[in-house]
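Opening the notebook on a new model today. I want to know how the chain is put together before I look at single side chains.

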Amino acid sequence: MCGSTVTVISTIPVDDCWMRDTGPVFRTNGSGGLDAVGLNFNGWGKKQARSRDTLVAGRIASYVGVPFAAAALVGEGGAVEQDGAGTLMATRSSLINKNRNPNKSQAQIESALLAAYGATKVIWFDGVRGQDITDDHVDATSRFPAPGRAAVQMPLASDNDVYAKDARQQYQILSATVSGHERVRDTAIRENPWTARTPPRDTSVSCKPPAHERTGLSWERLNRPKVHRAKARYSSHFVTTDGSWPASDG
């Protein structure tokens with residue numbers, strides 16, 4: 001199914017399929033060297049089973065045969081967006097959160113991020129706390145298609161929920177960074193093509209998840225009537241030699 005050039009690894013057990021969050025971040029040193037760093041995945045803030053997933057990053061590094069180190073913070077790959085030229089984006093709701101990094105200040109977490117990614121700057125957004133399993137990963141809304149260029153997935157003008165407000169704030173912050181001649185020089189708007197087609201939650205239909213996925217969550221709180229908690233689509237894209245293109249699914 002994947003083709004002869006793709007190797008399917010079946011020897012590393014997992015709890016979840018979300019490799020972007022559980023897997024390692026590979027780093028190069030500019031001289032051909034390669035290693036990996038793990039973000040100490042803890043089940044998105046201890047929200048679900050994770051005994052296997054906590055070991056995935058190190059096991060992948062071992063499988064590939066590169067040195068591995070653990071970062072000095074807890075997080076997930078999707079919680080951090082990087083442009084490959086020293087700038088990161090992240091939300092406070094996800095990383096500066098007691099369910100991941102208790103008793104750590106923003107300055108301490110930022111220092112750990114810069115060290116893990118070999119970066120020099122973090123652009124912080126407030127994010128949305130406690131409304132989805134990720135606590136609002138930045139990769140759902142803002143991405144770096146290229147160094148110095150940002151794309152923000154924007155809601156419809158009529159939307160005014162917490163995620164819509166969050167997206168607008170992220171765009172404002174990135175736009176201010178542009179006008180301040182700092183790391184980001186160009187910010188584009190991408191309207192979520194699924195936004196208009198995403199209906200409110202049908203509370204007459206039960207879609208209660210398995211017990212292991214509800215650990216630490218109040219399902220009743222997340223499933224209150226007339227509140228649509230799910231994000232319509234992640235801001236996914238792929239980079240080609242001709243530019244960056246949105247993916248058909250998130």
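**Ground rules.** I am working with a predicted model, in which local features need pLDDT of at least 70 and side-chain atom pairs count only at pLDDT 80 or more, while totals for chains, interfaces and linings use all residues. Residues are numbered from 1 along each chain as its sequence is written, and side-chain values use heavy atoms, with hydrogens and water left out.

**Whole chain.** I find seven helices and eleven strands in the protein. Both are DSSP runs numbered from the N terminus (helices: H or I, at least four residues; strands: E, at least two). Of the 250 residues, 40% are buried; buried means under 20% relative accessible area, exposed over 50%, and partly exposed in between, with a 1.4 Å probe and protein chains only. For contacts I use heavy atoms within 4.5 Å. Among contacts with a separation of 6 or more, 70% are between residues 24 or more positions apart. The accessible surface comes to about 13,400 Å², and carbon and sulfur atoms hold 54% of that; the areas are from the Shrake-Rupley method with a 1.4 Å probe, and for residues only the protein chains shown count as cover.

**Sheet.** Next I looked up an open sheet of three strands, ordered β1-β2-β3 with mixed pairing. β1 and β3 (68-70) are at the edges with a single partner strand each, so one side of each has no neighbour in the sheet. From one strand to the next the twist averages 30 degrees. Strands pair here if DSSP finds at least two bridges between them; β1 and β2 are antiparallel over four bridges. R27 stands opposite D35 in β2. Helix α3 (residues 56-64) lies across β1, β2 and β3, at about 165 degrees to β3. That angle is between N-to-C directions on a 0 to 180 degrees scale, with axes fitted to C-alpha atoms, for helices over the stretch in contact.

**Helix α5.** G118 follows α5 with a positive phi near 65 degrees.

**N101.** This one sits in the loop between α4 and α5, and counts as buried because its relative accessibility is 5%. A polar atom of its side chain lies 2.8 Å from the backbone nitrogen of V74. Leaving out residues up to four places away in sequence, N101 touches L73, V74, L95 and I109.

S94 is in helix α4 and is buried at 0% relative accessibility. Its side chain has a polar atom 3.3 Å from the backbone oxygen of T134. T134 turns up again in a polar contact of 2.5 Å between its side chain and that of D132. I count a polar contact as a pair of N or O atoms within 3.5 Å; within protein, one must be able to donate a hydrogen and the other to accept it, and residues adjacent in sequence count only if both atoms are side-chain atoms. D132 lies in the loop between β6 and β7 (142-146) and is buried, at 15% relative accessible area. Its C-alpha atom is 9.7 Å from that of W44, 88 residues apart along the chain.
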